[in-house]
Amino acid sequence: MKREHAPKLISLLVASLLSSAVMAQTTPIGTSAKELGLTDYHHFKIYPHLEKALRAQKQNDEQTALKEFRHIHQQVPDNVALTLYLAEAYRHFGHDDEARQALNEQLKQHPQDSRLKQQLAAIPRKTTPVTNVEQLLAQQKACDAAPTVECRSETGQNALTLKQLKIARAQLDDAALARTGEGLALENGVLQRAIFEKNWAMADDIFDRKSDRKTLDAAEQKQWFNVLLAGQLDARLKTLQAEDLFTGAEDQLAWAGNLATNGETAKLQRYLAEHQPKFKSAEQEQSWLYLMSRSGNQQQMLKQYQPQFAANQRYVAGTAFPAALKTKDYASAQQILNNVPADEMLAERYALSTATGNTAESVKISRQMYQHTPRNLALLDQLSWQLMQNGQSREAGRVLLARYPFGGASQQTEKMMLRLAGLLQRYPDLATPTQMASLSTPLPTATLRQLQSQLPGVSTDCESTRHLLGDMSANYDADAWNRLGECYRSDLPGVALYALQQAEMRQPNTYQHRAVAYQAFAVEDYATAIMAWKRVPVAAMSDADVMAAANTAQAASDNTARNSWVDEVQRRGLDNSESWLWLHAQRYLPTQPELALADFNRAIETQPTVRALSSRAALYRELNRTPEAIADLQQALLIEPNNSATQAALGYALWSHGDYVQSRDALEKAHVASPDDPQLIRQLMYVNERLGNIPQTQLYARQVVDEINAAADVTPLTPPQNQERFNVRRLHEDIGRRWTFNFDSSIGLRSGARSASSTQTGGAAPGQSYRSYGQFEAEYRIGRNMLVNGDMLSVYSRLFADTGDSSVVLPVKNPMLGTGLRWKPLHDYTLFFAIEEQFALDHHHGETDTMLRASASFLNSGKFSDEWHPNGRGWFAQNLYLDAAQYVRQDNQAWTADYRASWHQKVAKNQTIEPYAHVQVNGFRDDHTEGNQLGGIGVRWNIWTGQSQYNAWPHKVSLGLEYQRTFKAINQDGGDRNNAFLTVGVHW
């Protein structure tokens, strides 16, 4: 490598190293002669030392590096680049003071060298904390001895911190500081501190310095002006204005405003008199005119003042006019108005016309003012009033109608509505049909709609009233609610009651209480009605009121109140009417029916009303005098043929009397008038069931089920409702059933077993015991009410067999076929009579015979039945079964009596496990009598199936296991006394 390239390579290496050092220079200096600013001779002489110094610095060899750099600096002491290398080495090894000294000495030689300044600025300054004035004075003294920008700035900032404003200001006298950023920052700090301490003179001085430098911006100039005002430096301000500062209209307004604020009235007068600013807007000039009003000599000043803007000419006139009007100088006032255009200052012209009593002029100006601003309701108020005062009330009404619905502030609109109402009352033909329709269109607020409802032609129209007040706002008053109640009374009486109650809340007087009482009674809200009547003093009641209150108390079951008002009617001598006698009878019910009957008889003698006849009929029914009750109800229907309540009562009475056909006719008539009465629907279901009308029974049953299901969608059903739904479903299923199939079997599990007789209606054979037996029966219902009222007639055929005396398990011996007619004569009891022809299917065993049979079941109804119970987790059941048969040809008799008690435990929604126990007595007699007495305990698994929306479970399957014990055998072989049986039962 050539020697001349070495410096360049070293320069690149040094630059690379220095660029990564913590305190590296921003731009590498380089090590060539040109870059170092050396002659080739000097470069040749110092280069080995420079190379050695840089290598030592890289290796952190402080002694060698500093020795070599000092040697180089001594060789060329005025070279800036080598001084920078030396300073950098000092800083690298932590000698900032030596670096600063070297740089400062070189700066004396080269004061404008930016590299030196940059390197010097990069050296962190060591500052000594200044916390008191003594330290501050010492710092100032040191800085005065060796002034630099840094020490001046630092001293000034410390002075500001210690609130030594004069010391801080003194630092700004250093010209070198004033041109720097530190100087500007200190200057701004001194300025703000001066303003804070209200040192207005110093603040003025700082602003003046800025102004001299031409660095004062608009905001600072505004602040300067405010400082002069705050310091009341009037002389200084005048001087600056003479120098063309602060001469704008804004500044002059501000100065004058400051004088007014300070209460310097004399100075303000002089200033206003001596100055005439050139205003930029009418608003500025208005501010100047306002200051004149604060000067205490406004009137005089206004005379000498010529407004610059036309808009302010009116202000000047408007200011002078009230003074003239106040002093009743009407001529001067008129002259002032003549100086402005005729279409201006209309309010003042109106005031002058009313002051002078010129009504025609008042109307003219009012119309002119209203035409200028037709949406101003105050002007409409003024115009309509002046028209009325001038004898032009009809015209006033037309003006108001033309402006309707006004649309202004609520209070003003209400005033116009009241005025319009008075004019319409005076002139009913004033409004056209179109305008009347507009008057009925609801306005946005409740108060306005209430006023609309009071307008003539609207208040008497219920359709309009309901349209206006139908939102039922809580802001309506009692009168409005009363009007609304009257309009709802005919078709929505419940809503009418609500409206009257709202009126009562707002105006709780006798009239309102009475209105609520009558309306509540009309909608059968007797509790509300009786409360309203109790609020009315008896002395304020008319005779009709007292009777109405007594009737209300009767309906509300308030016997004490009823008796009190009944006695009041008697004290008034009105105790000979049907109404009073009827009410008087109520006090004897139910404990003294004979006295009540006497009152009813007198009431009917006085006047045979429907109420009296119906009440006596109800009492007759309680006394079991049903024919007389029916007669009274029939007489009541002659008076009111379409009275549905009487028709219903007659239907119930005829039902009790057993006249089901006429009962149904009466109930159906009542049902037409009251199709939603649930009790009527139920009674029609029952009466049609008694009459055997299957379609109608099922129709009404479905309606009852639908009603209960609808209630279940709202709230869970109560146990009675749930039970009723099941009972109606059972009725719906049972009355529609024609065919019934039954299978019943008992299989003995031991060879010597003898089973108990079947306790099923139509069982295999009463009084007979075998190891096993089985029967299948098919029954067809012919109809109801066939022989007597309430009966049911069926035909049936059955196949049955047993095990006889054989040892077989299944009942396949002695098969018999029986066909017969079964009659259930009583509707409400389980009693059957049957005649049956029996045929032996095995001619070697058994004989053809005719059987007459009677069977009955007791104690097995209602909550003790074996029917499914929809409520609860289980139920107790019992049954007393009696069965007797006469075999005609053989002249044999057989009988069975069985009592069973059991518990049905639900295990699923349609299944029960039924543990039971029973005792049984059987007998059979041909030429001698045989029989046995036994008891058994067992358990059955019952399964119900086939339920639908309207039908209860139609099918039932039972599987059981029973242990039997024969207690006594009479004239027969008892077999094994302890036996077990498998039982099967199917009802389909």
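**Aromatic pairs in a predicted model**

At 6% relative accessibility, Trp868 counts as buried, where buried means under 20% relative accessible area, exposed means over 50%, and partly exposed lies in between, with a 1.4 Å probe and protein chains only. Before I go on, this is a predicted model, in which local features need pLDDT of at least 70 and side-chain atom pairs count only at pLDDT 80 or more, while totals for chains, interfaces and linings use all residues. Residues are numbered from 1 along each chain as its sequence is written, and side-chain values use heavy atoms, with hydrogens and water left out.

The structure holds 18 aromatic pairs, a pair being two rings of Phe, Tyr or Trp (its six-membered ring) with centres within 6.5 Å, called stacked if the planes are under 30 degrees apart, edge-to-face if over 60, and tilted for the rest. One of them joins Trp823 and Phe833, whose ring centres are 6.3 Å apart with planes at 35°, so this pair is tilted. Trp823 is partly exposed, with a relative accessible area of 24%, and Phe833 is partly exposed as well, at 36%.

Trp868 itself pairs with Trp944, and because their planes stand at 65°, with ring centres 5.1 Å apart, that pair is edge-to-face. Trp944 is buried, at a relative accessible area of 2%.

Turning to charges over rings, the criterion is that NZ of Lys or CZ of Arg is within 6 Å of the ring centre and within 35 degrees of the ring normal. Arg611 lies over the face of Trp582, at 4.1 Å from the ring centre, and Arg940 over that of Tyr916, at 4.6 Å.
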